[in-house]
Amino acid sequence: MTAEGDGALRRALVPLLLPEKCYDRLFVQWDLLHVPCLKILLSKGLGLGIVSASLLVKLPQVFKIVGAKSAEGLSLRSIMLELVALTGTMVYSITNKFPFSSWGEALFLMLQTLTIGFLVLHYRGQTVKGVTFLVCYTLLLLLLLSPLTPLAVVTWLQASNVPAVVGGRLLQATSNYYNGHTGQLSAITVFLLFGGSLARIFTSIQETGDPLMAGTFVVSSLCNGIITAQLLYYWNAKTPHRQKKEQ
């Protein structure tokens with residue numbers, strides 16, 4: 001490799017994906033089977049991939065609400081619970097100085113969820129309440145990130161993610177079971193959530209070493225796995241609407 005090419009590659013990978021010593025080990029000494037450095041590269045790559053994908057996850061929902069000028073069918077309670085979970089992960093990660101690649105999707109999903117929450121209130125004719133909601137959330141977030149908030153409170157907030165995730169997923173799984181189909185669940189979304197949560201177990205262990213973070217994603221993966229299994233099981237099941245249409 002030329003010196004110019006080596007310099008360009010080094011700038012692209014260090015320190016974004018690799019520490020200096022691992023770059024030298026892999027691309028100067030050409031020890032391409034060095035497992036510890038390969039694990040770092042894989043973890044960073046997966047983490048940044050998940051963060052990048054999160055930029056677009058909820059934008060279609062935002063555009064759909066704005067285009068229809070209606071938020072009919074969206075549960076504000078569900079949105080708020082999701083916002084609590086995302087905020088807990090983000091605040092906990094920032095407080096513990098975890099690498100951005102290990103939690104960055106929580107920031108982008110939080111911003112998109114916050115936008116959806118405001119739009120729900122706005123299209124219900126409660127714009128003032130929506131603005132108040134944005135202001136209060138911003139002030140609360142600043143308080144949680146400030147030194148005034150004890151670490152125990154931040155840890156409790158992160159721990160509360162587990163029952164929130166379990167409750168939400170089991171409600172969906174129960175609904176699928178009693179309905180005998182998965183309705184309008186998006187297969188792409190379900191598979192991405194399952195794959196992303198599985199990948200996050202590895203990246204959490206590799207980049208943070210924090211059992212609470214890793215445990216949250218283990219529980220999330222198990223719950224997402226149930227929904228994924230149901231989606232496959234009910235793949236050919238017809239909704240009542242489709243059955244009626246075909247008769």
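Begin by selecting Arg 25 and Asp 31, which form a salt bridge whose closest N and O atoms are 2.9 Å apart; a salt bridge here is a side-chain nitrogen of Lys or Arg within 4 Å of a carboxyl oxygen of Asp or Glu. This is a predicted model, in which local features need pLDDT of at least 70 and side-chain atom pairs count only at pLDDT 80 or more, while totals for chains, interfaces and linings use all residues. Residues are numbered from 1 along each chain as its sequence is written, and side-chain values use heavy atoms, with hydrogens and water left out.

Arg 25 is partly exposed, with a relative accessible area of 31%, and Asp 31 is also partly exposed, at 24%. The terms follow cut-offs: buried means under 20% relative accessible area, exposed means over 50%, and partly exposed lies in between, with a 1.4 Å probe and protein chains only.

By the salt-bridge rule, the count comes to three. Next, select Lys 44 and Glu 207, a salt bridge with its closest N and O atoms 3.4 Å apart. Because Lys 44 lies in helix 3 (residues 35-54) and Glu 207 in helix 10 (residues 187-207), the pair ties together parts that are 163 residues apart in sequence. Helices are DSSP runs of H or I with at least four residues, numbered from the N terminus. Lys 44 counts as buried at 18% relative accessibility, and Glu 207 is buried at 14%.

Then move to Arg 200 and Glu 105, whose side chains meet in a salt bridge of 2.6 Å, N to O. This pair links distant parts of the chain, with Arg 200 in helix 10 and Glu 105 in helix 6 (residues 104-122), 95 residues apart. Are these two residues buried or exposed? Both Arg 200 and Glu 105 are buried.

Now select Met 90, Met 110 and Tyr 137, which touch the most other members of the largest nonpolar core, a group of 30 residues. A nonpolar core is a set of buried Ala, Val, Leu, Ile, Met, Phe, Trp, Tyr and Cys residues joined through side-chain atoms within 4.5 Å. Which helix gives the most to this core? Helix 6 does, with nine residues.

Leaving aside residues up to four places away in sequence, Met 90 touches Trp 103, Ala 106, Leu 107, Met 110, Tyr 137 and Leu 141, where contact means heavy atoms within 4.5 Å. Finish at a second, separate core of nine residues, which includes Leu 13, Leu 17, Cys 22 and Tyr 23.

Definitions and conventions: Helices (H or I, at least four residues) and strands (E, at least two) are DSSP runs, numbered from the N terminus.
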